[in-house]
Amino acid sequence: MGYMTAAAGLQTVLTVPKRFRGPEGTANGGWIAGTLAGTLTGGGHDSPVEVTLRRPVPLESELPVEHVGNAVVLSQGDDHLVEAIPVAETLAPPPFVRFTDAARAEAGFPGRHGHAIAGCFACGLREPGDGLRIFPGPVDNTVGNPVDGAELVAAGWRVPFNVTDEHGVVPDSIIWAALDCATGWAHYRSFPDRRPIQPPLLGRLTGQVFRRVYPMGRYSVVARAEGRDGRKLFGTSAVYEVDGALVAAAKATWILPRG
């Protein structure tokens with residue numbers, strides 16, 4: 001997984017392997033958010049953790065991770081790249097979609113016909129076992145009962161066997177990665193020609209993990225568009241077990257590049 005090594009005091013050093021990339025040359029936002037959340041007391045289990053991504057996180061570089069009060073900060077030189085802090089709030093996940101319906105929705109995944117970030121660890125067109133291959137597509141309006149015309153997307157997530165840590169556990173960073181991209185894809189139908197001119201970038205992800213994910217397991221990843229404010233896009237997402245039990249939930253803010 002990621003390479004976290006101890007340094008002086010409360011500071012550690014994180015190196016992001018190339019496998020966990022998002023936009024070319026930088027870390028997947030969900031993966032880096034979950035990695036930092038896991039360094040906090042409670043690790044994003046006792047309460048949600050809000051992670052703000054201020055700058056892209058480079059790959060294969062030693063980056064200091066420092067605890068500042070009840071927050072944690074990832075830096076490069078004098079620049080703060082990412083900050084994570086626990087928050088006292090209750091996340092409202094999108095509704096459960098059965099695995100069979102979620103898997104059927106993948107047929108409408110827009111990225112199959114042109115993917116601006118095809119190498120993304122979570123939603124990219126990577127080889128099986130290399131990436132997570134989560135391909136969210138629109139859910140039929142009769143499934144999951146989306147309200148107020150909200151855009152609901154889903155995918156059937158088949159967890160690769162080789163995403164576990166040294167103890168055989170699927171780390172929370174993988175679950176956060178699964179929660180990430182679907183919140184962006186939920187907005188694609190709202191754009192002219194169903195595609196933004198440039199892909200949005202993750203600005204903030206607030207998440208909480210309630211239970212473990214198991215390698216080779218099957219889960220539903222569901223996301224919903226939750227509105228827009230100028231260049232900011234808002235979305236919520238969830239990972240569900242096949243029986244509808246909530247595994248994890250998140251809300252995201254995406255930023256459209258100026259253009």
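Leaving aside residues up to four places away in sequence, Val57 touches Val16, Gly25, Thr26, Ala27, Ile32, Leu63, Leu74, Leu81 and Val82, a contact being heavy atoms within 4.5 Å. This is a predicted model, in which local features need pLDDT of at least 70 and side-chain atom pairs count only at pLDDT 80 or more, while totals for chains, interfaces and linings use all residues. Residues are numbered from 1 along each chain as its sequence is written, and side-chain values use heavy atoms, without hydrogens and water.

Val57 also belongs to the largest nonpolar core, which has 55 residues; such a core is a set of buried Ala, Val, Leu, Ile, Met, Phe, Trp, Tyr and Cys residues joined through side-chain atoms within 4.5 Å. Val16, Ile32, Val57, Leu74, Trp157 and Ile174 touch the most other members. Helix α3 (residues 172-180) supplies the largest share of this core, six residues.

The protein chain has four helices and 12 strands, taken as DSSP runs (H or I, at least four residues, for helices; E, at least two, for strands), numbered from the N terminus. Of its 259 residues, 53% count as buried, meaning under 20% relative accessible area with a 1.4 Å probe, protein chains only. Among contacts between residues at least 6 apart in sequence, 69% join residues at least 24 apart.

Technical notes: Buried means under 20% relative accessible area, exposed over 50%, partly exposed in between (1.4 Å probe, protein chains only).
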